[in-house]
Amino acid sequence: MSTQLMYEEFKNKFNPVHSPRQFFAPGRINLIGEHTDYNGGHVFPASISFGTYALATKRSDNKIRFYSMNFSDLGIIEVNLDNLDYNEDDNWANYPKGMIKYIREHGCKIDFGMDILYYGNIPNSAGLSSSASIEMVTGVLLEGLFDFDLDRIEMIKLGQKVENEYIGVNSGIMDQFAIGMGKKDHAIHLNTATLDYSYAPIKLPDHSIVIINTNKSRTLAGSKYNERRSECEQALADLRTELTIDGLGDLTPEDFESHKYLIRNETNQRRAKHAVYENARTLDALQKLKTNDLEAFGKLMNESHLSLQHDYEVTGKELDTIVETAWEQAGVTGARMTGAGFGGCAIAIVENDKIDSFKQQVSQRYIEKIGYDVSFYTAAIGDGAKEITEEVK
Ligand code: GLA
């Protein structure tokens, strides 16, 4: 989709007086540290070059008109600045509506309506955070149009609040953080208990990160995501009968092994085991990357997948088929599901000159076993949410 086409579509739909400003927020992958963010653990995501574009202008009344080129059949969705409550009929526009509502309630002055056109090139429901991307692009466009300075971490927290309280998915802070704070060619090491973070350069001269989409669509609202979270909370409550901890992320694997008997339910024990070991693997993976030990990093990715498959049970046959096939291929350093699971995407670190045969093998096996094909994307790690100032009219 060219920028020019977006501008033309904006003109057609909204007939604006002024030319719109353009904003972008990426999607994200997570290299390792899955289902640790709501357990006070560490994560290691990166923002990707695919994402959501928004063109926007202020209006002189209180109407807000949303249009998505991805959901053109839904046409313009119109709401009023004075009523931003969740409304099922507003469909996808509830994400930006929630963001406008919470940023306004936070005290930022948004005193006029606006016209906003969205276009996203991250596939929806693929586990690459299209929803956090639309929240964050809305955050930066509001900041741009209404000229206020909202602390980026606050904006990230408001994005998470939209998911938790407006949409009803109890997700952690990883996605909004990765998208809000992303940096070209870097992954972000985030401690979700303290929000301390640092950037780690991802230099892979001979390898690429290949994203493989199961094309099994799912929404978190309709998945067992909230169930996993409450299983972890139950495990934590059991552990806290004897331990003084704030989250499962406070435990080392050794602490866990010597106290796991406190967790009364066997399923909850496995969920907690994943959270604790995955957190340790993430810290380990960071060290491996610092010493350029890509092989060891890849092995930790593989272990992460196995834990998500057997202990956390969020993979499913589609993701397992992709990842297990990936492990068998020459030139694959590591492969795992990424994001929430239950469908969505996997990632693999693959030697550049083996990518073609990798794709062919994975695709063939997937069609044989699942009955339809995967899609592949090669991830460039790009910047976080921002205004795009290039002049294209
Ligand atoms: C989703 C959530 C994140 C995180 C991941 C799993 O992407 O939005 O907060 O919990 O799943 O790691």
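Mentor: A polar contact is a pair of N or O atoms within 3.5 Å; within protein, one must be able to donate a hydrogen and the other to accept it, and residues adjacent in sequence count only if both atoms are side-chain atoms. This is a predicted model: local features need pLDDT of at least 70, side-chain atom pairs count only at pLDDT 80 or more, and totals for chains, interfaces and linings use all residues. Residues are numbered from 1 along each chain as its sequence is written, and side-chain values use heavy atoms, without hydrogens or water.

Trainee: How far is an oxygen atom of the ligand from an N or O atom in the side chain of aspartate 175?

Mentor: Start with the shell. It has 13 residues, and Asp175 is among the nearest, with Glu34, His35, Asp37 and Tyr225; near means a heavy atom within 4 Å. For aspartate 175, the distance from its side-chain N or O atom to a ligand oxygen is 2.6 Å.

Trainee: How much of the accessible area of the ligand does the protein cover?

Mentor: Accessible areas come from the Shrake-Rupley method with a 1.4 Å probe; for residues, only the protein chains shown count as cover. On its own, the ligand has 310 Å².

Trainee: What volume does the largest cavity have?

Mentor: On a 1 Å grid over the protein atoms alone, a cavity is a set of points where a 1.4 Å probe fits but cannot get out; lining residues have an atom within 4 Å of a point. Grid points are joined across faces, edges and corners, and a volume is the space filled by probe spheres set on the points. The structure holds 1 cavity of 30 Å³ or more. Its lining includes Leu31, Phe297 and Ile349. The volume is about 40 Å³.

Trainee: Why is the pair of tyrosine 86 and tyrosine 166 given its class?

Mentor: Rings of Phe, Tyr and Trp (its six-membered ring) pair if their centres lie within 6.5 Å; planes under 30 degrees apart count as stacked, over 60 as edge-to-face and the rest as tilted. The structure holds 15 aromatic pairs. In this one the centres are 5.5 Å apart and the planes at 70°, so tyrosine 86 and tyrosine 166 are edge-to-face.

Definitions and conventions:
On a 1 Å grid over the protein atoms alone, a cavity is a set of points where a 1.4 Å probe fits but cannot get out, and a pocket is an open set with protein on both sides within 12 Å along at least five of seven lines; lining residues have an atom within 4 Å of a point.
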